[in-house]
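Welcome, and thanks for opening the viewer. Shall we take a short walk through this model, one selection at a time?

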Amino acid sequence: MVFESLSEKLQNALGKLKGKGKLSEKDVDVAMREVRLALLEADVNFKVVKDFIKKVKERAIGYEVMESLTPGQQVIKIVNEELTNLMGEKEAKLNFASTPPTVILMCGLQGAGKTTTTGKLAFNLKKQNKRPLLVACDVYRPAAIKQLEVVGEKVNVPVFSMGDKINPVDIAKAALEHGKRNGNDVIIVDTAGRLHIDEELMDEIRNIHDAVNPNEVLLVLDAMTGQDAVNVAETFNEKLGITGVILTKLDGDARGGAALSIRAVTEKPIKFAGMGEKFDQLEPFHPDRMASRILG
Ligand code: GDP
């Protein structure tokens, strides 16, 4: 399970404080050194770790904590609050357009789970009585259009495609018109994945972006890729201005560093978490629940 090792180490480090009646500054220091190491080992961005420890220490060494009857508990509470803050305080919901259709632009590297997640999102929206339309804008990978069509069939959502001979910007524009005519209130545009950040494809997605003026630009990231996911998020955010992240494969044994770093590094929220390969395995991301899960 994701965070397993981090969770164990944090509980161990903080557990030692719990039993103590009074805490010295040294006790806090020792515990924070262990917390720091645990976070680094979980692949949390080093600058994020540094800021995090500084904040927790500042609060923990304060008079109220040190003089309280249960200082250990107080420190754990502070760590919990700061972990929650790190991941974004509260659940970040999707932004819907005040006048439909809402346009959601999906982007990400190949293999991150973009197409699967597009299907999951459509499934999720249908449950909220929305009428989504999926748009196949990946004209480069021969199987991409077919894959999206299969996904659409599985979740019973229509897929707009124009084959692989038309420019993706024109496909996106035509899809928007098609969606408006057919009463689709959410248009989810699936774009070409890439193996690495690639300038040409980045320009193309920028052009699609400018043509459809999306309400959401969601970056799909594989939690298993740790620091790489954070770097990818930084670049997409710089070039495209993402509005949120969907972190996939949190059901796996990722160390969790991406989940803990992305918000701080990009200042963009994680909106959903992929918890499996099935279409109903997409969950809203709750920073507070995640923090409590980590601390046990
Ligand atoms: P794309 O290239 O980004 O479109 O990636 P795909 O949607 O084809 O997904 C790549 C692989 O990751 C597939 O085998 C998916 O089933 C798998 N996958 C996607 N999301 C999740 C997830 O949340 N959990 C797990 N375990 N697998 C996932």
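## Two helices side by side

Helices α10 and α11 are roughly parallel to each other, because angles under 35 degrees count as such and theirs is about 25°. Keep in mind as you look that this is a predicted model. To see the pair, select residues 227-240 for α10 and residues 257-266 for α11; their axes are 9 Å apart.

Now show the side chains where they meet. From α10, pick Gln227, Ala229, Val230, Ala233, Glu234 and Asn237, and from α11 pick Ala258, Ser261, Ile262, Val265 and Thr266. Colour them by class and you will find 6 nonpolar, 4 polar and 1 charged residues in this contact.

## Around the ligand

Next, centre on the ligand. Which of the 17 residues around the ligand come nearest? They are Gly111, Lys114, Thr116, Asp251 and Glu277. Start with Thr116, where a polar side-chain atom lies 2.5 Å from an oxygen atom of the ligand. At Gly111, a polar backbone atom is 2.7 Å from a ligand oxygen. Then move to Asp251: an N or O atom in the side chain of Asp251 is 2.8 Å from a nitrogen atom of the ligand.

## Two stops in loops

Most residues other than glycine have a negative phi, and most peptide bonds are trans. Select Asp43, in the loop between α2 and α3, and you will find a positive phi, near 75°. Finish at Pro101, in the loop between α5 and β1: the peptide bond from Pro100 to Pro101 is cis, with omega near 5°.

Key
Residues are numbered from 1 along each chain as its sequence is written. This is a predicted model: local features need pLDDT of at least 70, side-chain atom pairs count only at pLDDT 80 or more; totals for chains, interfaces and linings use all residues. Side-chain values use heavy atoms; hydrogens and water are left out. Axes are lines fitted to C-alpha atoms, for helices over the stretch in contact, and angles run from 0 to 180 degrees between N-to-C directions. Helices (H or I, at least four residues) and strands (E, at least two) are DSSP runs, numbered from the N terminus. Angles under 35 degrees count as roughly parallel, over 145 as roughly antiparallel, 65 to 115 as roughly perpendicular and the rest as oblique. Contact means heavy atoms within 4.5 Å. Ala, Val, Leu, Ile, Met, Phe, Trp, Tyr, Cys and Pro count as nonpolar, Asp, Glu, Lys and Arg as charged, and the others, Gly among them, as polar. A residue is near a molecule or strand if one of its heavy atoms lies within 4 Å of it. A polar contact is a pair of N or O atoms within 3.5 Å; within protein, one must be able to donate a hydrogen and the other to accept it, and residues adjacent in sequence count only if both atoms are side-chain atoms.
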